Amino acid sequence: MTAIEAEGSGAAVATGAAPETPVHGYHHQKDEHLKRLRRIEGQIRGLQRLVDEDVYCIDILTQVSASTKALQSFALQLLEEHLRHCVADAAVKGGTEIDAKVEEATKAIARLLRT
């Protein structure tokens, strides 16, 4: 395989260069996202503690609701970043890529609405 063929196939070129890692829409806020997910993880651990301590059902359900809203909020932010970065990039490129990205985003929205 020549270097030109390797480039077209997505394989690493024989120059010893590592394959390029894609940059996702959330990349620039990755640290903030991880911090947010750690807080949500703490909420879930708190739910386990509440159950372990036999806390009143309604109090636990209140915390479940708060954890659910935190995850939904995170999902919406991630979706917005996907639309701004990945879908917008596909729109610039045109062709069938935009159709695939819109379909992908639509399916993700449908999954979020089912929760």
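**Entry 1: a term to start with**

I call a residue buried when its relative accessible area is under 20%, exposed when it is over 50%, and partly exposed in between. I keep in mind that I am looking at a predicted model. My test case was K101, which has a relative accessible area of 23% and is therefore partly exposed.

**Entry 2: the partner of K101**

Which side chain does K101 meet in a salt bridge? I found E104, with 3.7 Å from N to O. K101 and E104 are three residues apart in helix α4, so about one helical turn separates them. I looked up E104 as well: its relative accessible area is 40%, which makes E104 partly exposed.

R45 is partly exposed at 47% relative accessibility, and E41 is partly exposed at 43%.

Next I checked E97 and K93, whose side chains meet in a salt bridge at 4.0 Å, N to O. Here the two partners fall into separate classes: E97 is partly exposed at 32%, while K93 is exposed at 53%. I also saw that D89, K93 and E97 are linked in a network of salt bridges.

**Entry 3: how the helices pack**

I described each packed pair of helices by the angle between the axes and the distance between them. For α2 (residues 30-52) and α3 (residues 57-93), I wrote down an angle of about 160° and axes 10 Å apart. That makes α2 roughly antiparallel to α3. Their crossing is left-handed.

Then I turned to α3 and α4 (residues 96-114), which pack at about 165° with their axes 8 Å apart. This pair is therefore roughly antiparallel too. The crossing of α3 and α4 is left-handed.

**Entry 4: a nonpolar patch**

Which residues form a nonpolar patch on the surface? My list is Y56, I58, L61 and V64, with about 400 Å² of accessible area together. I58 lies in helix α3 and is partly exposed, at 46% relative accessibility.

I finished with I44, found in helix α2 and partly exposed at 36%. I44 and V64 are 20 residues apart in sequence, yet in space they are 8.1 Å apart, C-alpha to C-alpha.

Technical notes:
Residues are numbered from 1 along each chain as its sequence is written. This is a predicted model: local features need pLDDT of at least 70, side-chain atom pairs count only at pLDDT 80 or more; totals for chains, interfaces and linings use all residues. Side-chain values use heavy atoms; hydrogens and water are left out. Patches are made of residues with over 30% relative accessible area and no salt bridge: like charges are joined within 9 Å, nonpolar side chains (Val, Leu, Ile, Met, Phe, Trp, Tyr) within 5 Å. Accessible areas come from the Shrake-Rupley method with a 1.4 Å probe; for residues, only the protein chains shown count as cover. Helices (H or I, at least four residues) and strands (E, at least two) are DSSP runs, numbered from the N terminus. Buried means under 20% relative accessible area, exposed over 50%, partly exposed in between (1.4 Å probe, protein chains only). Axes are lines fitted to C-alpha atoms, for helices over the stretch in contact, and angles run from 0 to 180 degrees between N-to-C directions. Angles under 35 degrees count as roughly parallel, over 145 as roughly antiparallel, 65 to 115 as roughly perpendicular and the rest as oblique. A crossing is left-handed if the near helix is turned anticlockwise from the far one by less than a right angle, and right-handed if clockwise.
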